[in-house]
Amino acid sequence: MKKILFWVLGSLLGIIILGLILLPGIVKNYAVKHSKELIGRQIAIDKLKLNYLAGKLKITDFKMYEANEKDIFFSFDTLFVDFIPFKYFVDEFVMESFYLKGLNVNVVQYDSTFNFDDLVTFHTSGLDTVPADTSNIDPFKFQLSNIELKGAVFNFDDRTINKVTQLNDISFFIPFIGWNQEEKSEAGLRFAFKHEGYFESAMNVDPINGDFDAEITIYHLYLNAFREYAANYARINDLNGMFNSNLTISGNIYEAEKSLVSGNIEILDFLMKDQKDREFLGTKKLDCLLKEVDVANMSFVFDSVTLVEPYVYFELDSTSNNFFDIFELNTADSASAMIAENSSDTTFDENSDSLYYALNFLQIKKGIVDYTDNLTGEPFDYHLSDIELSADSIKSNSEWIDLYAQMMLNNRGTLVAEVAFNPANPLDINLEYVISDFQLGDLNIYSRHYMGFPIVYGDMYYKSETQIMAGQLISENKLVMEHVELGEKSGGLYSLPLKFALFLLKDKHGVINLDIPVRGDLNDPKVSIGKIVWNTFKNLIVKVASAPFDFLAGLISVDPKDIKEIEFEYTDTTLSDSK
């Protein structure tokens with residue numbers, strides 16, 4: 001009897017052991033054969049090994065196919081899990097190692113749908129939308145150690161723009177995550193871009209109070225990878241540049257929206273081209289140091305922003321300009337939005353919930369602007385170079401912000417300017433600038449178009465002190481011109497006696513020296529600064545030419561009647577003393 005019992009128990013144990021040995025293969029074959037019923041897609045597995053006593057699971061050469069059962073949705077080379085099975089009996093899951101190598105994921109977007117939509121539908125259909133009551137369920141404890149992803153590849157195929165984005169060598173490592181953990185959790189993630197750059201992050205989390213800090217590094221991210229996306233919003237042919245950043249994010253995982261961001265952002269060799277392959281925006285280097293960005297409180301504080309060799313090409317025509325055309329902006333809508341914004345209450349206060357911004361230092365070095373004006377029917381091209389601009393302490397709650405600038409005008413003249421404006425109302429401006437060694441011949445196109453006179457040559461010195469407050473323009477201007485010579489009149493929109501007026505304005509050295517006050521009400525929508533300046537200039541020319549004796553009398557401080565005419569008596573042969 002004992003022998004029979006022994007053989008029965010032995011045979012039963014052998015069957016169990018054999019079953020355990022064969023079970024992984026059975027599970028693998030069953031899972032592959034019925035995978036569409038179980039998880040919604042066909043899968044393939046090369047090997048599945050399970051060590052029950054040691055708690056080790058290993059899967060190699062796993063594949064999940066697309067819905068067409070031909071293309072691969074995702075796959076991996078090796079999955080290894082090391083856990084302690086006996087902990088299940090005390091309501092605790094302990095995993096000592098999780099290792100996934102060679103993961104390859106292929107995501108495809110078609111307009112608003114993705115190649116995994118069927119999986120989402122499969123796993124969400126039939127779910128009870130009413131959450132179950134878990135208040136009386138004891139919490140399940142877990143300890144997860146040595147979580148590692150190595151050498152993963154992520155491919156995103158956006159069929160809407162025929163663009164494939166690839167992230168290579170994605171890797172991360174998390175030493176430990178546990179329920180009721182007392183020490184900080186550490187996590188690191190790294191993946192390579194298609195070319196030479198990479199993304200890297202490191203994160204520390206305090207499991208007790210939820211405080212965390214994270215370091216994020218992006219190195220050599222080439223912006224041309226986003227050209228097709230940018231082309232959806234702008235009429236461009238090219239987008240180039242390199243993006244680098246090193247950011248620190250700190251906060252609490254339970255209030256992640258209140259996190260603070262600091263660090264630096266750098267863009268190198270940025271360049272955009274329009275659909276005519278014309279460069280219109282770029283910079284050699286943009287360097288931005290973030291002191292503290294607090295999105296929750298709408299507070300943005302920057303240590304410095306530096307632009308090195310920025311470039312702008314601006315082209316103006318009768319109805320629009322190249323920037324409005326490239327970015328498909330409606331001029332009328334933009335103007336209405338600007339008026340609405342300026343008319344609103346924009347007063348900032350440190351204690352309010354309004355937007356607060358601060359920039360401790362702003363600098364532009366060796367900037368260039370190319371300007372083209374097509375308003376006259378003949379392109380007027382002007383080149384501004386060696387643009388230098390600096391400003392300290394730009395704050396949204398400042399009473400005034402001061403800017404200092406200088407530049408070279410068409411490779412010859414110079415401009416030095418000081419600008420102050422009120423950030424609460426940017427249309428309140430104080431402007432002082434001096435233009436030296438300006439070549440009047442640069443304005444030849446305008447002179448011929450509006451007044452019909454070509455400018456042969458001439459030099460100009462110009463000094464202006466301008467103030468705009470509450471829409472009222474007050475400007476004091478000093479104009480000095482030397483060696484001004486005009487050609488013969490031919491056409492022109494306005495018939496002004498410009499040549500005669502210039503003759504009267506010249507002193508004995510051929511110098512024209514004028515003080516020109518300009519006044520105007522910019523609150524009138526029919527009035528613009530350009531019209532005010534033009535009308536002031538036109539009235540001056542007409543006044544001088546139509547009343548030359550009044551003007552000359554003012555120059556020599558005599559009564560205009562004394563020089564309007566000189567009377568002679570027929571019998572006189574010489575001038576009398578009174579004559």
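Contact here means heavy atoms within 4.5 Å. The model is predicted, so local features need pLDDT of at least 70 and side-chain atom pairs count only at pLDDT 80 or more, while totals for chains, interfaces and linings use all residues. Residues are numbered from 1 along each chain as its sequence is written, and side-chain values use heavy atoms, with hydrogens and water left out.

**Exercise 1.** Work out where glycine 367 is found and which residues it is in contact with, leaving aside its neighbours within four places in sequence.

*Solution.* Start with the element: glycine 367 belongs to strand S16, residues 356-373. (Strands, E, at least two residues, and helices, H or I, at least four, are DSSP runs numbered from the N terminus.) Next, list the partners: Pro310, Leu384, Ser385, Asp386 and Ile387. Then check one C-alpha distance: isoleucine 387 is 20 residues along the chain from glycine 367, and their C-alpha atoms are separated by 4.4 Å. Finally, glycine 367 has 1% relative accessibility and so counts as buried. (Buried means under 20% relative accessible area, exposed over 50%, and partly exposed in between, with a 1.4 Å probe and protein chains only.)

**Exercise 2.** Find the residues of the largest nonpolar core that touch the most other members.

*Solution.* First, the term: a nonpolar core is a set of buried Ala, Val, Leu, Ile, Met, Phe, Trp, Tyr and Cys residues joined through side-chain atoms within 4.5 Å. The largest one has 43 residues, and Ile59, Phe62, Phe76, Leu103, Ile236 and Phe280 touch the most other members. Another core, of 36 residues, lies apart from it and includes Leu415, Met481, Ile516 and Val518. Now take leucine 103: beyond four places in sequence, its partners are Phe74, Ser75, Phe76, Leu149, Gly151, Ala152 and Val153.

**Exercise 3.** Describe the salt bridge between aspartate 118 and arginine 41, then the one between aspartate 515 and lysine 478.

*Solution.* A salt bridge needs a side-chain nitrogen of Lys or Arg within 4 Å of a carboxyl oxygen of Asp or Glu; the count comes to 18. For aspartate 118 and arginine 41, the closest N and O atoms are 2.7 Å apart. Aspartate 118 sits in helix H3 (117-124) and arginine 41 in the loop between helix H2 (35-38) and strand S1 (43-51), 77 residues apart. Aspartate 118 is partly exposed at 31%, whereas arginine 41 is buried at 2%. Arg41, Glu66 and Asp118 are linked in a salt-bridge network.

For aspartate 515 and lysine 478, the N to O distance is 3.7 Å. Aspartate 515 lies in strand S23 (511-521) and lysine 478 in strand S22 (472-486), so the pair ties together parts 37 residues apart in sequence. Aspartate 515 is exposed at 60%, and lysine 478 is partly exposed at 32%.
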